[in-house]
Amino acid sequence: MSVKEEREARKALALAKEQERMRQLFSYEREYGTYGAICGIDEAGRGPLAGPVVAGAVILPKDCDILYINDSKKLSEKKREMLYDEIMAKAVAVGVGVVSWERIDEINILQATYEAMRQAIAGLSTAPDLLLNDAVTIPGVDIKQMPIIKGDAKSASIGAASIIAKVTRDRLMLKYHKLYPEYGFDTHKGYGTKAHIEALQKYGPCPIHRRSFIGHFIAQ
(Lines give C-alpha, C1' and ligand atoms only; values in the text may rest on other atoms or scores of the structure.)
Protein backbone atom coordinates (compact mmCIF):
# COMPACT_ATOMS: atom_id res chain seq x y z
CA MET A 1 0.00 0.00 0.00
CA SER A 2 1.37 3.40 -0.99
CA VAL A 3 1.74 6.33 1.41
CA LYS A 4 -1.23 8.03 -0.30
CA GLU A 5 -3.36 4.90 0.04
CA GLU A 6 -2.44 4.59 3.72
CA ARG A 7 -3.38 8.23 4.28
CA GLU A 8 -6.72 7.74 2.55
CA ALA A 9 -7.38 4.58 4.55
CA ARG A 10 -6.73 6.43 7.83
CA LYS A 11 -9.03 9.25 6.76
CA ALA A 12 -11.76 6.76 5.87
CA LEU A 13 -11.39 5.01 9.23
CA ALA A 14 -11.49 8.31 11.13
CA LEU A 15 -14.61 9.35 9.20
CA ALA A 16 -16.32 6.02 9.96
CA LYS A 17 -15.51 6.42 13.68
CA GLU A 18 -16.92 9.96 13.70
CA GLN A 19 -20.07 8.85 11.89
CA GLU A 20 -20.58 6.12 14.49
CA ARG A 21 -19.98 8.59 17.33
CA MET A 22 -22.60 10.91 15.85
CA ARG A 23 -25.02 8.01 15.43
CA GLN A 24 -24.69 7.35 19.16
CA LEU A 25 -25.05 11.06 19.90
CA PHE A 26 -28.50 10.97 18.29
CA SER A 27 -29.67 8.15 20.60
CA TYR A 28 -32.01 10.43 22.61
CA GLU A 29 -33.40 11.93 19.43
CA ARG A 30 -34.15 8.43 18.16
CA GLU A 31 -35.59 7.35 21.52
CA TYR A 32 -38.07 10.23 21.43
CA GLY A 33 -38.51 10.07 17.67
CA THR A 34 -42.31 9.99 17.92
CA TYR A 35 -42.13 13.70 18.80
CA GLY A 36 -42.12 15.96 15.76
CA ALA A 37 -39.72 18.80 16.55
CA ILE A 38 -37.11 17.94 19.18
CA CYS A 39 -35.23 20.94 20.55
CA GLY A 40 -31.94 20.92 22.42
CA ILE A 41 -31.39 23.61 25.06
CA ASP A 42 -28.13 24.72 26.68
CA GLU A 43 -26.46 27.83 28.09
CA ALA A 44 -23.09 29.54 28.21
CA GLY A 45 -21.86 31.94 30.84
CA ARG A 46 -23.30 30.91 34.19
CA GLY A 47 -19.94 31.13 35.92
CA PRO A 48 -18.16 34.29 34.67
CA LEU A 49 -17.67 37.43 36.72
CA ALA A 50 -18.75 39.64 33.82
CA GLY A 51 -21.05 39.72 30.82
CA PRO A 52 -24.40 38.13 30.02
CA VAL A 53 -25.65 34.57 30.26
CA VAL A 54 -26.65 33.21 26.86
CA ALA A 55 -28.92 30.26 25.98
CA GLY A 56 -29.23 28.40 22.70
CA ALA A 57 -32.18 26.39 21.40
CA VAL A 58 -31.68 24.18 18.33
CA ILE A 59 -34.01 21.91 16.38
CA LEU A 60 -31.94 19.68 14.10
CA PRO A 61 -33.44 17.91 11.06
CA LYS A 62 -34.28 14.23 11.43
CA ASP A 63 -31.76 13.40 8.71
CA CYS A 64 -29.04 15.63 10.17
CA ASP A 65 -25.64 15.04 8.57
CA ILE A 66 -23.55 17.42 10.70
CA LEU A 67 -20.40 15.79 12.10
CA TYR A 68 -18.20 16.72 15.10
CA ILE A 69 -20.98 18.14 17.32
CA ASN A 70 -19.94 17.91 20.96
CA ASP A 71 -20.00 19.77 24.25
CA SER A 72 -18.74 23.19 23.16
CA LYS A 73 -16.10 23.18 25.93
CA LYS A 74 -14.48 20.13 24.31
CA LEU A 75 -14.09 21.86 20.94
CA SER A 76 -11.48 24.34 19.77
CA GLU A 77 -12.58 27.89 19.01
CA LYS A 78 -12.00 27.28 15.30
CA LYS A 79 -14.10 24.11 15.32
CA ARG A 80 -16.92 25.84 17.26
CA GLU A 81 -17.00 28.67 14.74
CA MET A 82 -17.18 26.22 11.82
CA LEU A 83 -19.92 24.20 13.49
CA TYR A 84 -21.84 27.38 14.39
CA ASP A 85 -22.05 28.28 10.70
CA GLU A 86 -23.06 24.74 9.71
CA ILE A 87 -25.71 24.49 12.43
CA MET A 88 -27.15 27.88 11.46
CA ALA A 89 -27.31 26.77 7.83
CA LYS A 90 -28.78 23.29 8.37
CA ALA A 91 -30.94 23.47 11.52
CA VAL A 92 -34.72 23.50 11.24
CA ALA A 93 -34.72 26.39 13.73
CA VAL A 94 -32.32 28.20 16.06
CA GLY A 95 -33.22 30.50 18.96
CA VAL A 96 -30.94 32.55 21.19
CA GLY A 97 -31.62 34.22 24.54
CA VAL A 98 -29.36 36.81 26.16
CA VAL A 99 -29.85 38.06 29.72
CA SER A 100 -27.73 40.93 31.00
CA TRP A 101 -25.44 41.20 34.00
CA GLU A 102 -27.86 43.69 35.58
CA ARG A 103 -30.65 41.15 35.35
CA ILE A 104 -28.36 38.44 36.77
CA ASP A 105 -27.68 40.67 39.78
CA GLU A 106 -31.39 41.38 40.13
CA ILE A 107 -32.83 37.85 40.04
CA ASN A 108 -29.72 35.56 40.50
CA ILE A 109 -27.88 33.51 37.89
CA LEU A 110 -30.16 30.45 37.97
CA GLN A 111 -33.31 32.48 37.34
CA ALA A 112 -31.47 34.52 34.69
CA THR A 113 -30.43 31.27 32.98
CA TYR A 114 -34.04 30.09 32.91
CA GLU A 115 -35.05 33.47 31.49
CA ALA A 116 -32.46 33.18 28.72
CA MET A 117 -33.68 29.66 27.91
CA ARG A 118 -37.28 30.84 27.68
CA GLN A 119 -36.15 33.64 25.36
CA ALA A 120 -34.31 31.13 23.17
CA ILE A 121 -37.39 28.88 22.93
CA ALA A 122 -39.59 31.86 22.10
CA GLY A 123 -37.18 32.82 19.32
CA LEU A 124 -37.57 29.55 17.44
CA SER A 125 -39.32 29.81 14.07
CA THR A 126 -40.71 26.28 14.56
CA ALA A 127 -42.51 25.39 17.79
CA PRO A 128 -40.84 22.41 19.52
CA ASP A 129 -42.77 19.35 20.69
CA LEU A 130 -40.07 18.18 23.13
CA LEU A 131 -37.20 19.90 24.89
CA LEU A 132 -33.96 18.06 25.65
CA ASN A 133 -32.28 20.18 28.33
CA ASP A 134 -28.77 20.06 29.73
CA ALA A 135 -29.52 18.95 33.31
CA VAL A 136 -32.29 21.45 34.15
CA THR A 137 -36.09 21.66 34.03
CA ILE A 138 -37.10 25.13 32.89
CA PRO A 139 -40.00 26.64 34.88
CA GLY A 140 -42.77 28.46 33.08
CA VAL A 141 -42.59 26.41 29.87
CA ASP A 142 -45.62 24.45 28.67
CA ILE A 143 -43.64 21.98 26.55
CA LYS A 144 -42.63 18.47 27.60
CA GLN A 145 -39.04 18.54 28.91
CA MET A 146 -36.40 15.87 29.33
CA PRO A 147 -33.42 16.97 31.48
CA ILE A 148 -30.24 15.03 30.67
CA ILE A 149 -27.21 15.19 32.96
CA LYS A 150 -24.16 16.28 30.92
CA GLY A 151 -26.53 16.41 27.98
CA ASP A 152 -24.23 18.56 25.87
CA ALA A 153 -21.94 15.52 25.50
CA LYS A 154 -24.77 12.96 25.17
CA SER A 155 -27.30 14.57 22.82
CA ALA A 156 -26.59 16.06 19.40
CA SER A 157 -29.36 18.62 19.82
CA ILE A 158 -28.08 19.81 23.20
CA GLY A 159 -24.50 19.82 21.92
CA ALA A 160 -25.58 21.98 18.98
CA ALA A 161 -27.35 24.36 21.37
CA SER A 162 -24.20 24.59 23.52
CA ILE A 163 -22.18 25.58 20.45
CA ILE A 164 -24.67 28.27 19.45
CA ALA A 165 -24.74 29.66 23.00
CA LYS A 166 -20.96 29.57 23.46
CA VAL A 167 -20.08 31.19 20.11
CA THR A 168 -22.75 33.86 20.54
CA ARG A 169 -21.48 34.76 24.01
CA ASP A 170 -17.81 34.70 23.00
CA ARG A 171 -18.55 37.10 20.14
CA LEU A 172 -20.33 39.44 22.55
CA MET A 173 -17.37 39.36 24.93
CA LEU A 174 -15.02 40.29 22.07
CA LYS A 175 -17.16 43.38 21.49
CA TYR A 176 -16.99 44.25 25.19
CA HIS A 177 -13.22 43.81 25.06
CA LYS A 178 -13.04 46.72 22.59
CA LEU A 179 -14.90 48.89 25.09
CA TYR A 180 -12.94 47.73 28.16
CA PRO A 181 -9.61 46.37 26.86
CA GLU A 182 -7.80 46.54 30.21
CA TYR A 183 -9.70 43.49 31.54
CA GLY A 184 -8.71 41.00 28.81
CA PHE A 185 -12.22 39.86 27.95
CA ASP A 186 -10.92 38.66 24.57
CA THR A 187 -8.96 35.88 26.27
CA HIS A 188 -10.91 34.77 29.34
CA LYS A 189 -14.41 35.88 28.18
CA GLY A 190 -15.22 37.18 31.67
CA TYR A 191 -14.33 34.06 33.65
CA GLY A 192 -12.46 34.47 36.92
CA THR A 193 -8.91 33.83 35.76
CA LYS A 194 -5.92 35.12 37.72
CA ALA A 195 -5.34 37.84 35.13
CA HIS A 196 -8.98 38.92 35.22
CA ILE A 197 -9.09 39.11 39.01
CA GLU A 198 -5.84 41.12 39.06
CA ALA A 199 -7.28 43.56 36.49
CA LEU A 200 -10.49 43.80 38.50
CA GLN A 201 -8.52 44.65 41.63
CA LYS A 202 -6.35 47.16 39.79
CA TYR A 203 -9.05 49.01 37.82
CA GLY A 204 -12.20 48.21 39.76
CA PRO A 205 -15.37 46.87 38.10
CA CYS A 206 -16.48 48.04 34.68
CA PRO A 207 -20.17 48.38 33.72
CA ILE A 208 -20.53 44.74 32.60
CA HIS A 209 -19.21 43.14 35.79
CA ARG A 210 -21.75 41.17 37.83
CA ARG A 211 -21.79 42.92 41.18
CA SER A 212 -23.22 39.84 42.89
CA PHE A 213 -20.21 37.79 41.68
CA ILE A 214 -17.24 39.98 42.54
CA GLY A 215 -17.64 40.66 46.27
CA HIS A 216 -14.98 38.07 47.13
CA PHE A 217 -12.37 39.96 45.14
CA ILE A 218 -13.00 43.67 45.74
CA ALA A 219 -14.76 45.90 48.23
CA GLN A 220 -17.99 47.40 46.87
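Modeller: Before we start, a definition: a residue counts as buried under 20% relative accessible area, as exposed over 50%, and as partly exposed in between. Please keep in mind that this is a predicted model.

Biologist: Where does arginine 10 lie, and is arginine 10 buried or exposed?

Modeller: Arginine 10 is part of helix 1, which covers residues 3–25. Its relative accessibility is 53%, and because exposed means over 50%, arginine 10 counts as exposed.

Biologist: Which residues form the positive surface patch?

Modeller: Arginine 10 belongs to this patch, and its relative accessibility of 53% places it among the exposed residues.

Biologist: How many disulfides does the structure hold, and how far is the sulfur of cysteine 39 from the closest cysteine sulfur?

Modeller: A disulfide is a covalent bond between the sulfur atoms of two cysteines, and the cut-off used here is a sulfur pair within 2.5 Å. The structure holds zero disulfides. For cysteine 39 the closest cysteine sulfur is that of cysteine 64, which is too far for a bond because the separation is 13 Å.

Biologist: How many salt bridges does a search of the whole structure find?

Modeller: Side chains of opposite charge can pair when their charged atoms come close. The criterion asks for a side-chain nitrogen of Lys or Arg within 4 Å of a carboxyl oxygen of Asp or Glu. With that criterion, the number of salt bridges found in the whole structure is 12.

Biologist: Which parts of the chain are linked by the salt bridge between arginine 80 and aspartate 170?

Modeller: The closest N and O atoms of arginine 80 and aspartate 170 are 3.6 Å apart. Arginine 80 counts as buried at 10% relative accessibility, and aspartate 170 counts as buried at 9%. The two residues are 90 residues apart, and the distant parts that this pair links are helix 3 (residues 77–90) and helix 6 (residues 156–179).

Biologist: What separates aspartate 170 from lysine 166 in helix 6?

Modeller: The side chains of aspartate 170 and lysine 166 meet in a salt bridge, at 3.3 Å from N to O, and both residues are buried. Because they are four residues apart in helix 6, the separation between them is about one helical turn.

Biologist: Which helices hold glutamate 115 and arginine 103?

Modeller: Glutamate 115 and arginine 103 form a salt bridge in which the closest N and O atoms are 2.9 Å apart. At 18% relative accessibility glutamate 115 counts as buried, whereas arginine 103, with a relative accessible area of 26%, is partly exposed. Although they are 12 residues apart, the pair links distant parts of the chain, with glutamate 115 in helix 5 (residues 109–122) and arginine 103 in helix 4 (residues 101–107).

Biologist: What distance separates the C-alpha atoms of threonine 193 and methionine 173?

Modeller: Threonine 193 lies in the loop between helix 7 (185–188) and helix 8 (194–203), and at 31% relative accessibility threonine 193 counts as partly exposed. Along the chain, threonine 193 and methionine 173 are 20 residues apart, and the distance between their C-alpha atoms is 15 Å.

Key
Residues numbered from 1 in each chain as written. Predicted model: local features only at pLDDT ≥ 70, side-chain atom pairs only at ≥ 80, totals over all residues. Heavy atoms only, no water. Buried < 20%, exposed > 50% of the residue type's maximum accessible area, 1.4 Å probe, protein only. Patch = residues over 30% accessible without salt bridge, like charges linked within 9 Å, V, L, I, M, F, W, Y side chains within 5 Å. Areas by Shrake-Rupley, 256 points an atom, 1.4 Å probe, with all protein chains shown as cover. Lys, Arg positive; Asp, Glu negative; His and termini not counted. Charge placed at Lys NZ, Arg CZ, Asp CG, Glu CD.
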